[in-house]
Amino acid sequence: MDSVNTKRSILIPLIFITILLSFAIESQAATVSHKLNNSEIHAEADYFKGETTKPAVLIIHGFLTTNKFHTVVAMSKSLQDEGFTTLAPTLTLGINKRQNSIKCNSIHTHTLETDVDEIQSWVDWLMSQGHQKIILVGHSSGSQELLEYLNTKPQTNITGAVFTSLFYLKGKELGTLENEIVLAKDLLSKNQNRPNKYSFLFCKNNYFATTESYLSYMKLDREYVLNSLNRLQIPSYTIMGSADKRYLSVGKNWLDEIKHTGTNLIIVDGANHFFSSEHEFDLQDRLVEIVKEISSK
């Protein structure tokens, strides 16, 4: 009898641990693959299914990175802990199931329009999974691409948007060279879409892109981004770090210009462009508060 009781005393905890492990495994974000609309390319995303009563949150990463970028991962995890469904895709940039960041001197054929089409494709995918209310969250250039999506694609299921580290892509202060734009437009007018080297953000004279690709992003100048923010018909929030080094180029008055569009501006004191170190938690706290507020409306 003692041996039977001993076996039971060992077996019951083991069963309990197994059950706990199974729940933990089920709670992990899964990688999903999705064939993009009107394309042969497949894209991948990290998908976590949360509570069905809460809206899903679609999170878009920044320039040339992936969904594994630490800022995106931190935002996803904070929302998952609160029971929200999250979907964090990696924009393919024309590469099937892209998993790695792309270098400046890679050949860039992707366009702003194809990026926006991918966002639409993932919104459609979320709806096909039964998520009828969706909140958009972007980081850095991902914010600009979501803004472009909201201003060019009709949608009724997007209930709010959160932009983090929102700036713009075209401007002399950012290193854009007018002679390169003139050259690209001239080549495109002659149906010459071959790759050339351009200066684009931190890619100084080594952004190797087709003329069509390069010019597509040049529409996102300062005025265009502000006007796009001003036209939004849904609640929007913009979270900025006060110590972002990009202010050295664009000026601190960029924050005032953002605020005057009507978006709800939140400034995290001391945070850089990526909300690194302890400011990662400040970003998470603000994001969770905002998403909860949007969800309650």
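## A short tour of the model

V137 sits in strand β5, which spans residues 134-139. The structure is a predicted model, with a mean pLDDT of 91 over the chain.

**Confidence**

- Across the chain, 91% of the residues reach a pLDDT of 70 or more.
- Residues 1-8 are a stretch to treat separately: pLDDT stays under 50 there, and the model gives these residues one contact beyond four places in sequence.
- Residues 10-26 also have pLDDT below 50, and beyond near neighbours in sequence this stretch has one contact in the model.

- Is V137 buried or exposed? With a relative accessible area of 0%, V137 falls under the 20% cut-off and therefore counts as buried.
- Setting aside neighbours within four places in sequence, V137 is in contact with V57, L58, I59, I60, M75, L146, V162 and L287.
- T238 lies 101 residues from V137 along the chain, and the C-alpha atoms of the two are separated by 9.7 Å.

**K297, after helix α10**

- K297 belongs to the segment that follows α10 (279-296).
- The relative accessible area of K297 is 60%, over the 50% cut-off, so this residue is exposed.
- Which residues does K297 touch, not counting those up to four places away in sequence? They are P235 and Y237.
- Between the C-alpha atoms of K297 and P235 there are 9.8 Å, while 62 residues separate the pair along the chain.

**Strand β2 and its partners**

- Strand β2 covers residues 42-48 and is mostly covered, with six of its seven residues buried.
- On one side of the pairing list is β1 (residues 30-35), which pairs with β2 in the antiparallel sense over six bridges.
- β4 (residues 85-90) also runs antiparallel to β2, and five bridges join the two strands.
- β1 and β2 form a hairpin, with six residues between the two strands.

**Two positive phi angles**

- As background, most residues other than glycine have a negative phi.
- N38 is in the loop between β1 and β2, and its phi is near 55°, a positive value in a residue other than glycine.
- N38 has 85% relative accessibility, which is over 50%, so N38 counts as exposed.
- L93 is not a glycine either, and has a positive phi of about 55°; the place of L93 is in the loop between β4 and α3 (112-128).
- L93 is buried because its relative accessible area, 9%, is under 20%.

**The largest cavity**

- How many cavities of 30 Å³ or more are there? The count comes to one.
- About 100 Å³ of space lies in the largest cavity.
- L93 is one of the lining residues, and the others are H61, G62, F63, L64, L91, H110, D115, S141, E145, L169 and Y217.
- By residue class, the lining of the largest cavity divides into six nonpolar, four polar and two charged residues.

Definitions and conventions: Residues are numbered from 1 along each chain as its sequence is written. This is a predicted model: local features need pLDDT of at least 70, side-chain atom pairs count only at pLDDT 80 or more; totals for chains, interfaces and linings use all residues. Side-chain values use heavy atoms; hydrogens and water are left out. On a 1 Å grid over the protein atoms alone, a cavity is a set of points where a 1.4 Å probe fits but cannot get out, and a pocket is an open set with protein on both sides within 12 Å along at least five of seven lines; lining residues have an atom within 4 Å of a point. Grid points are joined across faces, edges and corners, and a volume is the space filled by probe spheres set on the points. Ala, Val, Leu, Ile, Met, Phe, Trp, Tyr, Cys and Pro count as nonpolar, Asp, Glu, Lys and Arg as charged, and the others, Gly among them, as polar. Buried means under 20% relative accessible area, exposed over 50%, partly exposed in between (1.4 Å probe, protein chains only). Helices (H or I, at least four residues) and strands (E, at least two) are DSSP runs, numbered from the N terminus. Two strands pair if DSSP finds at least two bridges between them. pLDDT is the predictor's confidence in each residue, from 0 to 100. Contact means heavy atoms within 4.5 Å.
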